[in-house]
Amino acid sequence: MRASNNKAPAIVILGKGALNTARRIQQLYPDALVHGLAERVEGADRTYSEFGATLRHLYQQDTPIIALCAAGIVIRTLAPLLLEKGAEPPVLAVAEDGSAVVPLLGGLGGVNVMARKIAASLNTAAAITTSGELRFGTCLLNPPSGYALGDLELGKRFVSDLLSGESVRIEGAAPWLAQAQLPEDDHAQLAIHVGYAEREPCANELLIYPRNVLVAVEATVPDLAETVRGALHDSRIASQALACLLASETGMANPALHAAADTLGVPLRFTAQAPASDMARQALPQLLPPLSPRHGIAIAVAAEPLDVQRIGRGRGRLAVIGLGPGAAEFMIPAVKAELARANDVLGYETYVCMAGPFRADQVLHCTDNREEMQRARHAFELAAQGRSVVVVSSGDPGVFAMASAVLEALHESDNAQWHAVDLEILPGVSASLATAAQAGAPLGHDFCVMSLSDNLKPWDIIEKRLDLACQADLALAFYNPISRSRPWQLGRALEIVRVHRAPETPVTLGRDIGRPGQTLRVITLGELTPEQVDMRTMVLIGSSLTRSFPRADGKAWTYTPRWYGEKPDK
């Protein structure tokens, strides 16, 4: 199950003593990830280095938060961010041993529902303090999934009147209200009206709309969002009852369709049927003929809230991501979000393992590092089925990694479904930049990035480019410098470099930077031999201006100044 805002919660812990409780809560929310404080928690799904920054980031991303710590810490951390009561995710504080569950924020986002569920699983009681929920057993201002509240401000007054002793009558079908402890009276002045019809709000009515309306649209309809609103109004249907838009698969990549769905705040689904009336009839065949109040639009109304995931299919998504050098703290938030939402993860097995851990429902497709094109085509096949797919690279996906292969596969394909996939390339910290940062700033001026692998390009091209880069006095970053199958290339490359560089030129060797067991050394070009390097080593060779000097811990700083030629006046 998910939290009320349809996002998986983040379970945040500060110490290893809370991990067992966190895993018990995670059983309720299989999509949730446990975030543990680095160097204090082993075995968490994600690590973080600063509690306050992590909690504020999650809150600002509208992610439900279950923090296993003192409530006061959470309150002080989030206090500067608190805005509208209706615009916040659920936030709970849970005792490390599971003995207390305290809902703090997100009363309109289902925090009390989450609190009761978590408390039941931990065999304790939730500290519910919301008057309406204590009295009636439900939050009328936060209807369950499939229903929408008409007007929040009128709703607050309505609940206040109920709490003051007024009785209420229920008009329309809402099974969840039957389980509430409401003071019902068929002749009551206050009324809860449940239905999809458009109504004028008034102070003595609480309007709740079932999301049971589907609107099929044709991509040629101009000003689509406003036209849909107008069509609903013409049909006397409330816009809050709209569950989804349905369009033809031929328009899957049409930006106007996606913009309209975003404006209306509903999912966009696709089907092979067209025109609009046929699409609506195909989606809900058991109903009467759909309404067609405007050209290119058809409206279908179901008897109960719609399960949107069972209507047509969504647009598939393919994200090509860079993990950075390896450490979780170097991974950008957008990459973490893609991994969390993915149905399928593809990549070289070593890199896929670095991207984990994964949920049980996520499918991993691990292949050999030399099967890039097959991996790219497989990713498009999966995404074309409507799945959310991630292709994993280490470092940056556009630097000697999978982004090029994915785009090449798409360029060579005439499959319209592949071209309709929502494709995004998300950057990562490249190994050359991660190594340079550890050493200081050896790439602080113009530099050249080269792969010494001749698997995909002739060696004579590598020699020519390397010689020209050296003539241009560029700092050099060598990827894939040496391997068992390519034992001599680095030695030959160094021969070329030494024609143009002095023996005292600083060289930075970074091995497994950002991963456990990383090593960093700063030596000189005269000291460098191929035996000091392996496939997992990044080699950075300075330009004629690159400098190195001792630092306090006995190691060395290396940098290439921004100026060139004579040093400018200070």
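Predicted model: local features only at pLDDT ≥ 70, side-chain atom pairs only at ≥ 80, totals over all residues.
Let me begin with helix α11, which spans residues 333–341 and whose buried residues are V335, E338 and L339. If we look down the axis of α11, these buried residues fall within an arc of 100 degrees, so they line one face of the helix. As for what covers them, the elements include the strands β3 (46–48), β15 (317–322), β18 (388–393) and β19 (422–426), together with the helix α12 (349–355).

Turning to the aromatic rings, a search of the whole structure finds seven pairs, and I will go through two of them. In one, the ring centres of F380 and W418 are 5.2 Å apart and the planes stand at 15 degrees, which is under the 30 degrees used as the limit, so this pair counts as stacked. Because F380 belongs to helix α13 (residues 372–383) and W418 to helix α15 (residues 416–419), the pair ties together parts that are 38 residues apart in sequence. Both F380 and W418 are buried.

In another pair, W459 and W488 have ring centres 5.3 Å apart, with their planes at 70 degrees, so the arrangement is edge-to-face. Here W459 lies in helix α17 (residues 459–471), and W488 lies in the loop between β22 (475–479) and α18 (489–500), so the parts tied together are 29 residues apart in sequence. With regard to accessibility, W459 counts as buried at 12% relative accessibility, whereas W488, with a relative accessible area of 48%, is partly exposed.

Finally, there is a contact between a charge and a ring: the charged end of R551 sits over the ring of W557, at 4.4 Å from the ring centre.

Terms used
Residues numbered from 1 in each chain as written. Heavy atoms only, no water. Buried < 20%, exposed > 50% of the residue type's maximum accessible area, 1.4 Å probe, protein only. Helix = DSSP H or I, 4+ residues; strand = E, 2+ residues; numbered from the N terminus. Arc of directions from axis to C-beta. Contact = heavy atoms within 4.5 Å. Phe/Tyr/Trp six-rings, centres within 6.5 Å; stacked < 30°, edge-to-face > 60°. Lys NZ or Arg CZ within 6 Å of the ring centre and 35° of its normal.
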